[in-house]
Amino acid sequence: MRRRQQPPLPKRHGLDPARLRLPEDGHWATIRDHLVERLPRVRPERIDELLSTGGIVDLDGPINLDTPYAPGGAVWFHRDLPDETEVPFPIGIVYRDDDILVADKPHFLSTIPRGQHILQTALVKLRRDLELPDLVPAHRLDRVTAGLVLFIVNPAVRGAYQTMFHKRLVHKEYEAVARFDPELALPRTIISRIVKERQVLRAYETAGEPNAETLVELTEQRDGLGRYRLRPRTGRTHQIRLHMNSLGVPILGDDFYPELTDKPVDDYTRPLQLLASALEFIDPITREPRRFDTARTLQAWDDPEGWASGRAPAAGYSAQRD
């Protein structure tokens, strides 16, 4: 297996630099000319600034405005970061050893850098705050879903833990709060085909071979609301949200299903009432059984008045189980 080439620039904010390979059939006189054409969203003046200050390098060091184009070569640089609003909710740490770390992610915090969320992500915050530059997630949660995410500390065991998730050897449990429907017969296993297209925000269910399965149970109900336990056997995008919506009880705070709503990125009221509450598996390294449980709870169940009034959850990591 080919080893990953080490970038000649150090991490910044816990992030590796971007790498661009230069095409073999290049016709450009300079690397600068190629970058201007290759990166249309970056102003040519910004590219010139990076070249003038040593911000773009190849394996021999910084390149400049006049460096000739090198077919088949590569350059590295740190992308400019977007303006981000601070997510005011801390990440809980459920467990940590030399190999893994189990984080309890809050609502509104992305798992990994993507799009407009870079520094305000669980991965970057944990790498920085815990000084763990090689930390990577074994799986992901949506930005709007709170709860448990397993991260890998030791690069030597990365494949074992990631394979465990790919092979569906991890038992996952979720909790959700949604409308209580006395006519809905539960428990029930929902099986359907879910499709998520690139560049399209919402997934959808369609006819065809099933690829998504979720066991839905009602654990409590009061005042017109139900507290649900969800056990997905597969991991399709938005699976639990779609399956709850298909039952006629969409999860409270869902801005995608049944209708797409435009919620500002810095609006921290009424978070999606979905929580990744438990992870259970046989450890691929120690062969011992492991179970981790969230310390978080859902606001619409524990603080229904605050939820109804649109009061943002407390900033501290205080919404915890007894």
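**Contacts and salt bridges, one by one**

Trainee: Which residue's side chain makes a polar contact of 3.4 Å with the side chain of Arg-290?
Mentor: First, a word on the source: this is a predicted model, in which local features need pLDDT of at least 70 and side-chain atom pairs count only at pLDDT 80 or more, while totals for chains, interfaces and linings use all residues. Residues are numbered from 1 along each chain as its sequence is written, and side-chain values use heavy atoms, with hydrogens and water left out. A polar contact is a pair of N or O atoms within 3.5 Å; within protein, one must be able to donate a hydrogen and the other to accept it, and residues adjacent in sequence count only if both atoms are side-chain atoms. At 3.4 Å, the partner of Arg-290 is Asp-97.

Trainee: Is Arg-290 buried or exposed?
Mentor: Look at the relative accessible area: buried means under 20%, exposed over 50%, and partly exposed in between (1.4 Å probe, protein chains only). Arg-290 has a value of 13%, so this residue is buried.

Trainee: At what distance does the side chain of Gln-239 reach the backbone nitrogen of Arg-236?
Mentor: Gln-239 belongs to helix 5, residues 239-246, and is buried because its relative accessible area is 3%. Its side chain also joins that of Thr-234 in a polar contact of 2.7 Å. To the backbone nitrogen of Arg-236, the Gln-239 side chain comes to 3.1 Å.

Trainee: How many salt bridges does the structure hold?
Mentor: In a salt bridge, a side-chain nitrogen of Lys or Arg lies within 4 Å of a carboxyl oxygen of Asp or Glu. Side chains of opposite charge can pair when their charged atoms come close. For this structure the count is 24.

Trainee: How many residues apart are Arg-32 and Asp-48?
Mentor: These two form a salt bridge, with 2.8 Å between the closest N and O atoms. The pair links distant parts of the chain, since Arg-32 is in helix 1 (residues 31-38) and Asp-48 in helix 2 (residues 44-52). Arg-32 is partly exposed at 22%, and Asp-48 is partly exposed at 22%. Their separation in residues is 16.

Trainee: Why does Asp-129 count as exposed?
Mentor: Asp-129 meets Arg-128 in a salt bridge of 2.9 Å, N to O. Arg-128 counts as partly exposed at 45%. Asp-129 counts as exposed because its relative accessibility is 53%.

Trainee: What is the N to O distance in the salt bridge of Asp-303 and Arg-311?
Mentor: Asp-303 is partly exposed at 26%, and Arg-311 counts as partly exposed at 47%. Their side chains meet with an N to O distance of 3.1 Å.

Trainee: What percentage of the residues in the protein is buried?
Mentor: The fold has 7 helices and 15 strands, and its C-alpha trace spans about 70 × 45 × 45 Å along the principal axes. Out of 322 residues, the buried share is 43%.

Technical notes
Helices (H or I, at least four residues) and strands (E, at least two) are DSSP runs, numbered from the N terminus.
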